[in-house]
Amino acid sequence: MSVTLFQAILLSIWGLITGTDRMSEAFFWFRPIIVATGAGIILGDPVHGAMVGGLTELAFAGLTPAGGAIPPDPVIAGMMGAIFACGAGVNPAAAVGLALPFSVLMQYVLVLLYTGYAFFMKPLDRMIDKCDVKGIIRLNIFGLFLAGVVYMVFTFLASYLMQDAISALIRIIPEWFMNGLEVAGGVMPALGFGMLLTTMFKVKYTPFIVIGFLAATYGGFNNILPVALIGAAFAMYNYFFKKEDTVSAVMENGGGEDEGI
Amino acid sequence: MKESNYVITKKDLNQSVWRSILLQGTFNYERYQGSGWCAMMAPYLEKIYGDDKEELREALKDNSGFFNCQLIMTMFLQGLLLSLYEKKQSRDLINNLRVSLFGPLAGIGDSLFWFTLMPIMAGVCSSMANEGSLVGPAIYFIVYIAVFLSKYFFVHAGYKMGATSISKLGEKTKDLSTAASILGCTVIGGLIATLITFNIKTTISITDAASVSIQEAFFDQIIPGFLPVLITVLMYYLIKKKVSPTVLIVGILVVCLALSLVGIV
């Protein structure tokens with residue numbers, strides 16, 4: 001594995017930036033597709049960075065913090081995926097699987113952080129008592145920065161200090177194991193889509209899933225955008241015609257009564 | 001005298017978009033975004049109450065409790081509540097509005113941004129990235145900058161809405177939310193077909209020389225993408241059964257490794 005000290009420092013700074021964004025969720029730089037592409041650029045191999053980022057992004061698309069529980073960490077998943085794919089030359093699909101233990105570890109670090117930040121609430125209440133507006137703002141800036149630093153340290157440890165251990169590990173991994181990781185990388189998006197469906201699926205939406213599935217299977221499109229447009233057409237139809245139906249139903253009822261007389 | 005109460009300027013609202021980065025600054029299990037929300041509101045409450053420390057303290061206290069909204073829709077709520085604070089509406093009204101609105105607004109925001117925009121962006125940009133194109137990540141980057149900038153629209157819209165009827169908005173958002181779900185479900189159907197890959201390698205030998213691949217002869221004949229659909233349905237079912245995502249991720253790894261070891265995949 002060949003991550004130079006200079007690259008490791010750049011990766012750590014990238015970890016600081018994206019880790020801060022993970023905490024604030026402001027610009028979505030914390031998403032694997034952005035993290036891994038950025039890390040790929042730093043490691044001199046943006047193409048493989050983008051590939052591993054794309055695969056990880058799909059797996060993580062449904063793992064939203066909106067559900068409540070914290071999912072495996074997207075920043076570290078993208079970062080380590082890129083390090084495996086660009087730094088150690090692992091096939092991108094297998095790199096997704098290799099990055100997972102790190103991302104699960106970071107998930108637990110984040111749980112600790114969210115628990116620890118509860119201790120910030122006492123000073124917050126004291127500042128409120130003193131009407132210390134600047135202090136309240138500083139406390140939150142400090143919180144963001146602290147989270148970023150945790151990501152920075154984690155990235156440095158994993159990318160530089162542990163790289164001998166990591167490359168030794170990759171050398172002893174048997175072929176069936178790498179193949180299994182690749183297959184898992186291809187299956188992982190199913191979890192993402194399953195998660196999305198638990199929050200948005202109702203039986204009445206089944207036709208649209210079927211239509212989307214068939215359009216993508218037999219449509220021969222080379223990306224998902226045409227399918228999205230088909231979905232948008234149905235969505236607009238539903239939105240606009242529903243109103244018209246309500247109006248005409250009222251009118252028909254009115255007409256019927258007239259005839260009855 | 002009354003006009004002097006109107007202290008929130010356009011510039012303040014624009015600035016609040018950047019302060020909104022702090023919303024999850026000290027996110028914690030006790031109050032979720034409560035502390036960050038307080039930091040977002042504090043400078044403007046200070047401006048509104050001026051030297052009246054007693055009122056300011058009460059307002060800050062009100063705004064430091066549990067809070068959990070979606071990041072974009074929070075701006076709408078902030079604009080709305082600031083206009084009410086500025087008009088010196090009663091504390092009870094404002095508190096009730098805040099507590100009763102952050103949940104529904106989060107619902108609308110999540111269904112638009114997480115459950116509709118996210119799968120489309122992930123699907124479109126990842127399929128480009130998977131072919132080694134940097135255009136995918138670039139589009140992703142630009143779209144989410146635009147999403148951040150949409151906070152300008154929402155904070156101003158909330159401020160303008162002031163005390164005017166929220167219920168009207170409620171009706172419209174319900175229709176919008178249905179439309180968003182239709183779009184989202186169609187896209188997910190397409191993503192299942194194109195982005196999950198799972199192929200069985202097992203072959204059945206008919207004679208010594210000829211063998212039939214189960215994948216080609218059976219699954220692909222029923223419908224391409226049959227196994228991905230099955231896997232997605234299984235995942236959906238397990239998540240409904242409250243199996244945690246982390247367990248499922250580890251489960252997928254273990255099962256795929258085991259299948260690979262015995263040569264099925």
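In this predicted model, Arg22(A), Glu25(A) and Asp73(A) are tied together in a network of salt bridges (a salt bridge being a side-chain nitrogen of Lys or Arg within 4 Å of a carboxyl oxygen of Asp or Glu).

Searching the whole structure turns up 10 salt bridges over all chains. One of them joins the side chains of Arg31(A) and Glu57(A), at 3.2 Å from N to O. This pair links distant parts of the chain, 26 residues apart: Arg31(A) sits in the loop between α1 (5–24) and α2 (32–42) of chain A, and Glu57(A) in helix α3 (residues 46–60) of chain A. Helices are DSSP runs (H or I, at least four residues), numbered from the N terminus. Arg31(A) and Glu57(A) are both buried.

Then there is a bridge between Lys61(B) and Asp129(A), 4.0 Å from N to O. The pair crosses between chains, running from helix α3 (residues 53–62) of chain B to helix α6 (residues 121–129) of chain A. Lys61(B) is partly exposed, at 43% relative accessibility, and Asp129(A) is partly exposed too, at 42%.

Residues are numbered from 1 along each chain as its sequence is written, with chains lettered from A and ligands numbered from 1 in the order in which they are written. Local features need pLDDT of at least 70, side-chain atom pairs count only at pLDDT 80 or more, and totals for chains, interfaces and linings use all residues, while side-chain values use heavy atoms, leaving out hydrogens and water.

Note on methods. Helix = DSSP H or I, 4+ residues; strand = E, 2+ residues; numbered from the N terminus. Buried < 20%, exposed > 50% of the residue type's maximum accessible area, 1.4 Å probe, protein only.
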